[in-house]
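Here are my notes on this one, written for someone opening it for the first time. Have a look at the sequence and the model, then read on.

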Amino acid sequence: MVRGLRVLRYVVVAVTLLLIIYKVSNKDVDLSEYTKKFGNVNSLRGTTGGLHGGKAEEDVSAPATTAGNSSPAPAQPNAADGLASTYERQNATFVTLARNQDLWAVVGSIREVEDRYNHKYHYDWVFLNDAEFTEEFKTIVSSFVSGKAVFGHIPPEHWSYPDWIDQEKAALVREEMNEKKIIYGFSEPYRHMCRFESGFFWRNPALDAYKYYWRVEPHIKLFCDIDYDLFAFMKNNKKSYGFTISLYEYEATIETLWKTVKGFMAEYPQHIHPNNALNFISDDGGETYNLCHFWSNFEVGDLDFWRSDAYRAFFDYLDKAGGFFYERWGDAPVHSIAAALLMDRSELHYFNDVGYWHVPFQNCPVDEETRRRLHCTCPSDDSLPPDQRNIFTWRGYSCTPRFHKVQGLERPKGWIEHTDK
Ligand SMILES: Nc1nc2c(ncn2[C@@H]2O[C@H](COP(=O)(O)OP(=O)(O)OP(=O)(O)O)[C@@H](O)[C@H]2O)c(=O)[nH]1
Ligand SMILES: [Mg+2]
């Protein structure tokens, strides 16, 4: 009896061993059970877990710490996400500057980006704030991001007056601009925000680990699916700055900006790229600024551009001139002028197929085939009365037609139906 049991035990062990050997050697082994149990492959990075939990949250509040420890190592393509086996994940993140009271508007934007794009890629998301994020903000926001959520604190030296600024003079300017009803002309925090986005967001330790970023603001909408990895597009096509909307700046906010830029060009000719896009921002070879700029509430870009000696010199020169406080220079014209002058013009990119809205303008593909393929929800202009037709891109106040002209780009099919004429 005892001997019989021992033999049975040997048989069971042998069969189990044979089964294990068979499983290991079988190349077509079905991984679905493992995936069900352990989550998707990306979650093995310890940084992602999909929308339903398992994601990590990281606080890099202490300004001196090296960021994120995120080292977003390229993950294997995830079969469940429908990515090709050759897919290569990029070293990239979303970045959002926000206040605690922006929480639900931020959540709305995250949801747009996750639903249309990031549910497939699970890129990380860096949140920056000049105040401490509340626990509520961090917990709720983390539960919506399918990559890792990283919370960075902005050190006071990135969000305050440099010592050469006369604060009384700055306060008088705000009063004057308020009386003239210049948009955000009254606001002190808005000026710190514009200076921060121009000269400091890319210096925050929370971004140190990344090369590419996509800037996302609260309250935005994405109208179409994005069926490819924008960051991989940037890398594979040697792009450094991508936009969806370009338009004219309010002149009253930047009265001396171009004069200052000309001073920079004269003093630092070595930083001006020989193949620049000056003719996008100037109609007279650099004598005057035509006010065209990329709308920087959406940007997909290469952080290394902002980190470059050329851009640092450009920002320092502008900062010394004081226009962030004595006028109300926006980060959009500052970024755009820098991108147009310091980059090779081939590094600029217009994302025609990214349907995007930030109050009050939108970009939406005009060609029917693209709209259908990408499930765009922005109404086609044909369906609206003339005063509500708001695909902005090909209309009078947009600089994107000019961008196509100076870059020698073909316009998408159907653009002519979306002009003011
Ligand atoms: N932490 C922090 N973020 C700010 C502050 N002011 C603005 N922001 C953020 O900076 C970005 C730009 O600010 P917005 O108020 O959207 O400026 P805007 O896009 O020019 O104007 P809107 O038309 O009102 O959207 C947004 O991501 C804001 O959440 C601030 O004082 N502190
Ligand atoms: Mg905004």
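**Notes on the fold and the ligand shell**

1. Let's start with a strand pair: β2 (residues 92-97) and β3 run parallel to each other, joined over 5 bridges. Across that pairing, threonine 93 sits opposite aspartate 124 of β3. Strands here are DSSP E runs of at least two residues, helices are H or I runs of at least four, and both are numbered from the N terminus; two strands pair if DSSP finds at least two bridges between them.

2. Before going further, some ground rules. This is a predicted model, in which local features need pLDDT of at least 70 and side-chain atom pairs count only at pLDDT 80 or more, while totals for chains, interfaces and linings use all residues. Residues are numbered from 1 along each chain as its sequence is written, with chains lettered from A and ligands numbered from 1 in the order in which they are written.

3. Back to β3 (residues 124-129): 6 of its 6 residues are buried. Asp124, Val126 and Leu128 point one way, Trp125, Phe127 and Asn129 the other. Buried means 20 or more other C-beta atoms within 10 Å of a residue's own, exposed means 12 or fewer, and partly exposed is in between, with C-beta atoms placed from the backbone.

4. The overall numbers: the chain has 15 helices and 13 strands, and 39% of its 421 residues are buried.

5. Which residues have the most contacts inside the largest nonpolar core? They are Phe94, Val126, Phe127, Leu128, Leu207, Tyr213 and Ala338, in a core of 87 residues. Helix α13 (residues 331-342) gives the largest share, 8 residues. Such a core is a set of buried Ala, Val, Leu, Ile, Met, Phe, Trp, Tyr and Cys residues joined through C-beta atoms within 7 Å.

6. Valine 126 is worth a click. Leaving aside neighbours within four places in sequence, valine 126 is in contact (C-beta atoms, placed from the backbone, within 7 Å) with Thr93, Phe94, Val95, Val150, Gly152, Ala206 and Leu207.

7. Now the ligand. The residues around ligand 1 (C-beta atom, placed from the backbone, within 6 Å of it) include Asn129, Asp130, Glu217, Asn297 and Val359. By class, this shell has 6 nonpolar, 2 polar and 4 charged residues. Ala, Val, Leu, Ile, Met, Phe, Trp, Tyr, Cys and Pro count as nonpolar, Asp, Glu, Lys and Arg as charged, and the others, Gly among them, as polar.

8. Glu299 carries the UniProt annotation "active site", from an unreviewed entry. UniProt positions follow the numbering used here, feature names are shortened, and annotations may be inferred rather than shown by experiment. Glutamate 299 is in strand β10 (residues 299-302) and counts as buried because 22 other C-beta atoms lie within 10 Å. Not counting residues up to four places away in sequence, glutamate 299 touches Arg215, Tyr241 and Phe243.

9. There is also an open sheet of 3 strands, in the order β6-β12-β13, with antiparallel pairing. β6 (221-222) and β13 (361-363) stand at the edges with a single partner strand each, so one side of each has no neighbour in the sheet. The peptide bond from valine 359 to proline 360 is cis, and proline 360 lies in the loop between β12 and β13.

10. Finally, a backbone detail: histidine 375 has a positive phi of about 50° although it is not a glycine. Histidine 375 is exposed, with 12 other C-beta atoms within 10 Å.

Conventions: Contact = placed C-beta atoms within 7 Å.
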